[in-house]
Amino acid sequence: RFVQRQENEFLANPEESRGVFSYQAPDLIRWEYRAPKPVTLLIDGKSMSTWYHDLSRVDEVKIGKYSEKVVKYLGAGGSQYFDVQVVYPKDQKEPYRLEMEPRFQRVAKRLRALTLWIDSERFVPIRVLYETPDGATTEYTFEDLAINPTLPEGRFRLDLPRDVKVRQVEL
C-alpha cells in the first residue's frame, strides 16, 4: 500500500491519495489509486495506460523505445544522473537515506532533489520524496511491504468495462 502526498502552488491544502503499488521485474508496474479518486496506471514495458475510472477513459502511450531509458534513469543506473549522499541512521532499525541532486541541467529543470529512504533490514525503498524547481513536492510512503508475493493472475492487465473509451496519446 502507498500514501501519496502532494503540495504545490495550485493546491489550497496538501492533497493525499492512497492505493496499492505492484512491481514485477523487469518492467511491470501498477499504481492503483483508490482514494480520493480511483485511477489505475499500468506500465508493461511497451505502453503506459492511465485509466481514469470516473471519466470512463484510458489514455494509452506507447513507450517501447523510452522504457529502457526510464528504467535506467529511475533504477540502479540512475546514479549517473545524480550526486548521491548516503545518510546512515544512528539507530540500526531506522532507514538509510539517499539524498540525490541532479548532475545535469536537463534533469535539474524538472527535478531539484530526490530523497529515498531505504529499509535497513530489507534494503527496499519505504519512502520517496520528489522536489521540483518551483518548490512543489510529491512524497510516497510505502506500507505493508510484501517482497516477492504471489500476485493475482491478471494483476498487470486492465480489465475494462465496455463503456470505457481508450485514447491513444502521442509523446
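**Close-ups of salt bridges and a nonpolar patch**

**View 1. Arg-127 and its partner Glu-139, a salt bridge between two strands.** Arg-127 counts as partly exposed, since its relative accessible area is 30%. A quick heads-up before going on: this is a predicted model. Arg-127 pairs up with Glu-139 in a salt bridge, and the closest N and O atoms sit 2.4 Å apart. Arg-127 belongs to strand β10 (residues 125-131) and Glu-139 to strand β11, so the contact ties together parts that are 12 residues apart in sequence.

**View 2. Arg-1 reaches Asp-144.** Here the closest N and O atoms of the salt bridge are 2.4 Å apart. The partners come from distant parts of the chain, 143 residues apart: Arg-1 is in the segment before β1 (2-7), while Asp-144 is in the loop between β11 (137-142) and β12 (165-169). Asp-144 counts as exposed because its relative accessibility is 58%, and the label needs over 50%. Arg-1, at 45%, therefore gets the label partly exposed.

**View 3. Glu-16 meets Arg-18.** The two side chains form a salt bridge, with an N to O distance of 3.1 Å.

**View 4. A salt-bridge network with four members: Arg-30, Glu-32, Arg-34 and Arg-155.** Which residue of this network carries the carboxyl group? That's Glu-32, linked in with Arg-30, Arg-34 and Arg-155. As for the whole model, how many salt bridges does the count come to? The tally is 16.

**View 5. Val-84, Val-86 and Tyr-88 make a nonpolar surface patch.** Where is Val-84 placed? Its place is in strand β7, which covers residues 82-87. Val-84 has a relative accessibility of 39%, so it counts as partly exposed.

Methods. Residues numbered from 1 in each chain as written. Predicted model: local features only at pLDDT ≥ 70, side-chain atom pairs only at ≥ 80, totals over all residues. Heavy atoms only, no water. Patch = residues over 30% accessible without salt bridge, like charges linked within 9 Å, V, L, I, M, F, W, Y side chains within 5 Å. Areas by Shrake-Rupley, 256 points an atom, 1.4 Å probe, with all protein chains shown as cover. Helix = DSSP H or I, 4+ residues; strand = E, 2+ residues; numbered from the N terminus. Buried < 20%, exposed > 50% of the residue type's maximum accessible area, 1.4 Å probe, protein only.
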